[in-house]
Amino acid sequence: MSSPDSPSGAPADGAPADRASGLDPAIAGRLKRSADGLVPAIAQQYDTGEVLMLGWMDDEALHRTLTTGRCTYWSRSRREYWVKGDTSGHVQHVKSVALDCDADTLLVKVDQVGAACHTGDRTCFDAGGLPLGQ
């Protein structure tokens, strides 16, 4: 899902390239990022509460998400930005974005069109539950 505005020069470890972001400095200053500069972003269906998927965002991906109303993530494997649904048509329309109490995780409430998971499932959590008490 390559994008013409994907960053170039991303480090070999898969982290986003150091570059200026359009993210509001007040928001950027609150974020607690992983060592590779990323924040986990949980996508949740806004009206049912269904947990859809987990993606990763850096400052620029969050800025794009907040300003376009479409979820933009950083792909750690491809080392590029991707907008959910650009190739699959399974778009995430952003309804709200919240930062958790530790400022290290984002909750993005979306209106999911189609499947959220790359496998074609509605959510990435349809693989089955794990047994408890064992």
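This is a predicted model: local features need pLDDT of at least 70, side-chain atom pairs count only at pLDDT 80 or more; totals for chains, interfaces and linings use all residues.
Visitor: What order do the four strands of the open sheet take?
Guide: The order is β2-β1-β6-β5, and the pairing is mixed. Strands here are DSSP runs of E, at least two residues, numbered from the N terminus, and two strands pair if DSSP finds at least two bridges between them.

Visitor: Which strands are at the edges?
Guide: β2 (51-57) and β5 (92-99), each pairing on one side only.

Visitor: OK, how many bridges between β1 and β2?
Guide: Six, in the antiparallel sense, with β1 covering residues 39-45. Gln-44 has Val-51 in β2 as its bridge partner.

Visitor: And how do β1 and β6 run, parallel or antiparallel?
Guide: Parallel, joined by five bridges. Ala-43 stands opposite Val-108 in β6.

Visitor: What about β5 and β6?
Guide: They run antiparallel, with seven bridges, and Val-94 is partnered with Val-110 in β6. Their hairpin has six residues between the strands, and Ala-103 takes a positive phi near 65° there.

Visitor: Switching to side chains, which ones in β6 are buried?
Guide: In β6 (residues 106-112), Leu-106, Val-108, Val-110 and Gln-112 point to one face and are buried. Buried means under 20% relative accessible area (1.4 Å probe, protein chains only).

Notes: Residues are numbered from 1 along each chain as its sequence is written. Side-chain values use heavy atoms; hydrogens and water are left out. Buried means under 20% relative accessible area, exposed over 50%, partly exposed in between (1.4 Å probe, protein chains only).
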